[in-house]
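Student: I've just opened this one up and I'm new to it. Could you walk me through it?

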Amino acid sequence: MNLYYVDVKLFDTFEETTSLIRRAVIAADEANARDIVAKQIEEEIKSAEAPCAGYEIIKIEFIRDI
């Protein structure tokens, strides 16, 4: 398993702004890290009080083997 940082851009519907967040995730490879974070973000968007227009995974960075 490997440790990755995944950078995500969130799009706000009302203010037409974006936010950048970084998630640390343990995964087998980059594709798996992308899938894990995408699922987490989609669940958070569904449960959020303020609607979010969407997200974009902009960078996946390998940190180290675990």
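Tutor: Helices (H or I, at least four residues) and strands (E, at least two) are DSSP runs, numbered from the N terminus. This is a predicted model, where local features need pLDDT of at least 70, side-chain atom pairs count only at pLDDT 80 or more, and totals for chains, interfaces and linings use all residues. Residues are numbered from 1 along each chain as its sequence is written, and side-chain values use heavy atoms, with hydrogens and water left out.

Student: In what order do the elements of the chain run from the N terminus on?

Tutor: There are one helix and three strands in the chain. Read from the N terminus, the order of these elements is β-β-α-β.

Student: How many bridges join β1 to β2?

Tutor: These two strands run antiparallel. One place to look is L3, which stands opposite I26 in β2. The number of bridges joining β1 to β2 is ten.

Student: And how many bridges join β1 to β3?

Tutor: Strand β1 covers residues 2-12, and its pairing with β3 is antiparallel. L3 turns up here too, with R64 as its bridge partner in β3. Further along, K9 has E56 as its bridge partner in β3. For β1 and β3, the bridges number eleven.

Student: Why is one side of β2 and of β3 left without a neighbour in the sheet?

Tutor: The three strands form an open, antiparallel sheet in the order β2-β1-β3. That puts β2 (18-27) and β3 (52-65) at the edges, so one side of each has no neighbour in the sheet, because each has a single partner strand.

Student: By how many degrees are neighbouring strands of this sheet turned against each other on average?

Tutor: Axes here are lines fitted to C-alpha atoms, for helices over the stretch in contact, and angles run from 0 to 180 degrees between N-to-C directions. For neighbouring strands of this sheet the direction is ignored, and the average turn is 20°.

Student: Where does helix α1 lie, and at what angle does it run to β2?

Tutor: Helix α1 spans residues 30-47 and lies across β1, β2 and β3. Its angle to β2 is about 130°.

Student: Is D7 buried or exposed?

Tutor: Buried means under 20% relative accessible area, exposed over 50%, and partly exposed in between (1.4 Å probe, protein chains only). D7 has a relative accessible area of 13%. That makes D7 buried.

Student: Which residue forms a salt bridge with D7?

Tutor: A salt bridge is a side-chain nitrogen of Lys or Arg within 4 Å of a carboxyl oxygen of Asp or Glu. For D7, the closest N and O atoms of the pair are 2.8 Å apart. D7 lies in strand β1 and its partner in strand β2, so the pair ties together parts that are 15 residues apart in sequence. The partner is R22.

Student: Which residues do salt bridges that share partners join into one network?

Tutor: R22, partly exposed at 45%, also meets E61 in a salt bridge (3.5 Å, N to O). R22 is in strand β2 and E61 in strand β3, so that pair links parts 39 residues apart in sequence. E61, partly exposed at 27%, in turn meets K59 (3.8 Å, N to O). Through shared partners, the network takes in D7, R22, K59 and E61.

Student: Which residues form a nonpolar patch on the surface?

Tutor: Patches are made of residues with over 30% relative accessible area and no salt bridge: like charges are joined within 9 Å, nonpolar side chains (Val, Leu, Ile, Met, Phe, Trp, Tyr) within 5 Å. Accessible areas come from the Shrake-Rupley method with a 1.4 Å probe; for residues, only the protein chains shown count as cover. One member sits in the segment before β1, and the patch has about 320 Å² of accessible area together. Its residues are M1, I26 and I66.

Student: How far apart in space are D29 and E43?

Tutor: D29 is in the loop between β2 and α1, and at 37% relative accessibility D29 is partly exposed. D29 and E43 are 14 residues apart in sequence. From C-alpha to C-alpha, the distance is 22 Å.

Methods:
Two strands pair if DSSP finds at least two bridges between them. Contact means heavy atoms within 4.5 Å.
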